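Dear colleague,

I am passing on the structure we spoke about, and below it I have set out what was found. Please keep it open beside you while you read.

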Amino acid sequence: MENTRTDPAEDRRSFRISETLTVSILLTVTGGFLDAYTYLFRGKVFANGQTGNFVLLGVSLVEQDFQRAFYYLLPITAFLLGVFLAESIHARIGNDRFIKWRHVVLLLEIAILLMAVFIPQGEWDYLANISISFVCALQTQAFRSLRGLSYISVMCTGNVRSGIHEFCNYLHSRQKKYMINGFYYFLIVLSFVFGAALGTFFMEHWHYLSLLFPIGLLSIALLLLFAKKHLRSLSEKL
């Protein structure tokens, strides 16, 4: 994952609410929560980063366990379709209307997770995993920038690499902006870990209703996006 940065004037430009640290943390905590949820509560499937599912798919194929292979292929396919739908929404709606494409994506995420709350645990886990993989794909495609930096809200590897890269840039150049960028990345990584910890806690106490917590986080993010006109001055300080 490469960093996207323009010139020094970027530090003074106005960022979208979707790029602020506040929204990014809300989305990343959600990402960590959902990955813990599907792995611990829905049959040990990773709904966010699909690398683990591709590995398990390959293992299942070699072992000729084709039923298990199909089990891992389902969330992978859902993730691909989610990326496709998010980009289609972007192309059709864009940012020129009151209801912008990221608003629609968040509304879809919330609606799908609300339906997933009522999917019984056990033999229907595959349906929950498909739904959550689809949600994570929507989020990955729609929210990819944190104050001008590329990041991913549903996995950690790329963010860790980018954070180390920024700190190395600081050591070589002594430019404060690189140290700040590295801090952003590692705050995002910690947010993901915190989300996974929260997921574990809520599942132990709320079980299937634990999904209401990430739904609440996404709802707050949606409200922030709608209220961007009134929060713009505040967002520049975050």
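Of the 238 residues of the protein chain, what percentage count as buried? In this model, which is predicted, 48% of them count as buried. The protein chain exposes about 12000 Å², and carbon and sulfur atoms supply 67% of that area.

As for the overall build, the protein chain has nine helices and two strands, and from the N terminus on these elements run α-α-α-α-α-β-β-α-α-α-α. Among contacts between residues at least 6 apart in sequence, 74% join residues at least 24 apart.

Next come the aromatic rings, for which a search of the whole structure finds ten pairs. One of them joins tryptophan 124 and tyrosine 126, whose rings are stacked, with 6.2 Å centre to centre and 20° between the planes. Tryptophan 124 is partly exposed, with a relative accessible area of 39%, and tyrosine 126, at 32%, also counts as partly exposed.

Another pair, phenylalanine 202 and tryptophan 206, is edge-to-face, with 4.9 Å centre to centre and 75° between the planes. These two residues are four apart in helix H7 (residues 176-206), so about one helical turn separates them. Phenylalanine 202 counts as buried at 12% relative accessibility, because the cut-off for buried is under 20%, whereas tryptophan 206 is partly exposed at 42%. Both belong to one aromatic cluster, which is formed by Phe33, Phe201, Phe202, Trp206 and Phe213.

Notes. Residues numbered from 1 in each chain as written. Predicted model: local features only at pLDDT ≥ 70, side-chain atom pairs only at ≥ 80, totals over all residues. Heavy atoms only, no water. Phe/Tyr/Trp six-rings, centres within 6.5 Å; stacked < 30°, edge-to-face > 60°. Buried < 20%, exposed > 50% of the residue type's maximum accessible area, 1.4 Å probe, protein only. Contact = heavy atoms within 4.5 Å. Areas by Shrake-Rupley, 256 points an atom, 1.4 Å probe, with all protein chains shown as cover.
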